[in-house]
Amino acid sequence: MEQLAALQEFLQTPRNIVITTHQKPDGDAMGSSLAMFNYLQSKGHNARVISPTEFPAYFGYLPGCEEIWNYLDNPNLSQIAIAEADLIICLDFNDLSRIEPLDVAIKANTAAKILLIDHHLYPKEFAHWMLHSVKASSTCELVFEFISMADPEYVPTKEVAECIYTGILTDTGSFSNGATNKRALQITAFLLDCGLDIIHVQEQLNQNGREEKLRFIGNALSRNMIIREDLGIGIIIVDKKDAYRYNLQTGDTEGLVNFPLSIRNVKVAILLKQEPRIIKLSFRSKGTISVEKICREHFEGGGHRNASGGKSFLTIDETLEKIYAIFEKEKIV
Ligand code: 5GP
Ligand code: MN
């Protein structure tokens, strides 16, 4: 691992920089990428955000969002940009499998330096520089720290402030979950002095949705939620038919997994989402229960102690049986 001071030196010269983040980016992935993009562009670098997949349309308010490339839409151009990059900045993920199919192009550019900024458990070693802390509320918090270290005189613009705040807000569940910390609140207070408009972000994130999405949530909660109080778990299932019926868009299931946790005896909430070839799993837990361990050991995934994800190659019913067996055997709850 190289010293971050060497990176500061490296950034004294205008560079070709590719910024990337995990598949189906969430608020922290989008916010950290665009905060970094807006900052680096203002410093004279040639920066480009490339997402491995599509991203939720409701993040369209983030400054610079219209300039993001979706790798799946344009693999050839993306591969050229990655091949020409001097520096590749990896944000909000801990393992190159989280950026498939873009990982191949990154591995091919052996001349480029890699910077990883992340807060997930157990980061793999693929970067030359790493700013990593599992105690950070969000990658956006760490991007703020990175910019402050690299450029102590810099005052975030309103645009950069909005990006950083979005990641802090979404990863802390609006300052309510276990990721919430003092630093996140301090940074938010500072960003207010930089022109951050909290109401604008709230309107964009929570008051700008589609009717279909709200009806989908109602249907999922009333018809597709299984509560197993004996095991301490609540499961919501989203199958392909629902996705079609409600015209689900990328990001529409964001936050849905949290609902079962509102029930007193549910300690772990799980979302099963049927995708074309796999079932994508989201886990959330209360207190000290580690869903990260469950995802890592049983579902080829990982994340944070109280919020993790993974995948299953079984059917929905087989996946349910597997989950029940894990909770029956290991007495997790
Ligand atoms: P979500 O349930 O919101 O998709 O993800 C919760 C957390 O787990 C996020 O921090 C996300 O980055 C991580 N995560 C989700 N899916 C996976 C996965 O398949 N592998 C790993 N390593 N992490 C995941
Ligand atoms: Mn994050």
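I started with helix α5 (residues 139-150) and helix α7 (residues 182-193), whose axes come within 10 Å and cross at roughly 65°. For the axes I used lines fitted to C-alpha atoms, for helices over the stretch in contact, with angles from 0 to 180 degrees between N-to-C directions. Helices here are DSSP runs (H or I, at least four residues), numbered from the N terminus. The crossing of α5 with α7 is left-handed, meaning that the near helix is turned anticlockwise from the far one by less than a right angle. On the α5 side I found Glu141, Phe144 and Glu145 in the contact, and on the α7 side Arg183, Ala184, Ile187, Phe190 and Leu191; contact means heavy atoms within 4.5 Å. By class I get five nonpolar, no polar and three charged residues there. The classes: Ala, Val, Leu, Ile, Met, Phe, Trp, Tyr, Cys and Pro are nonpolar, Asp, Glu, Lys and Arg charged, and the others, Gly among them, polar.

Housekeeping: this is a predicted model, so I note that local features need pLDDT of at least 70 and side-chain atom pairs pLDDT 80 or more, while totals for chains, interfaces and linings use all residues. Residues are numbered from 1 along each chain as its sequence is written, chains are lettered from A and ligands numbered from 1 in the order written, and side-chain values use heavy atoms, without hydrogens and water.

Next I checked α6 against α7: the axes come within 10 Å and cross at roughly 155°. That makes α6 roughly antiparallel to α7 (angles over 145 degrees count as such). This crossing is left-handed. Ala161, Ile164, Tyr165 and Ile168 of α6 meet Ala184, Ile187, Thr188 and Leu191 of α7. I get seven nonpolar, one polar and no charged residues for α6 with α7.

Then α2 (residues 27-42) with α6 (residues 158-171): axes within 8 Å, crossing at roughly 160°. So α2 is roughly antiparallel to α6. The crossing is left-handed. Among the residues in contact I noted Gly31 and Leu34 of α2, and Cys163 and Gly167 of α6. The contact of α2 with α6 divides into six nonpolar, six polar and two charged residues.

Last, the domains: I have domain 1 (4-206) and domain 2 (211-330), with bounds from an automatic or database domain assignment. Their centres, taken over C-alpha atoms, are 27 Å apart. I see 11 residues of domain 1 in contact with 11 residues of domain 2. The buried area between them is about 870 Å², 53% of it from carbon and sulfur atoms; that is accessible area (1.4 Å probe) lost on putting the two parts together, summed over both.

Methods: Helix = DSSP H or I, 4+ residues; strand = E, 2+ residues; numbered from the N terminus. Parallel < 35°, antiparallel > 145°, perpendicular 65-115°, else oblique.
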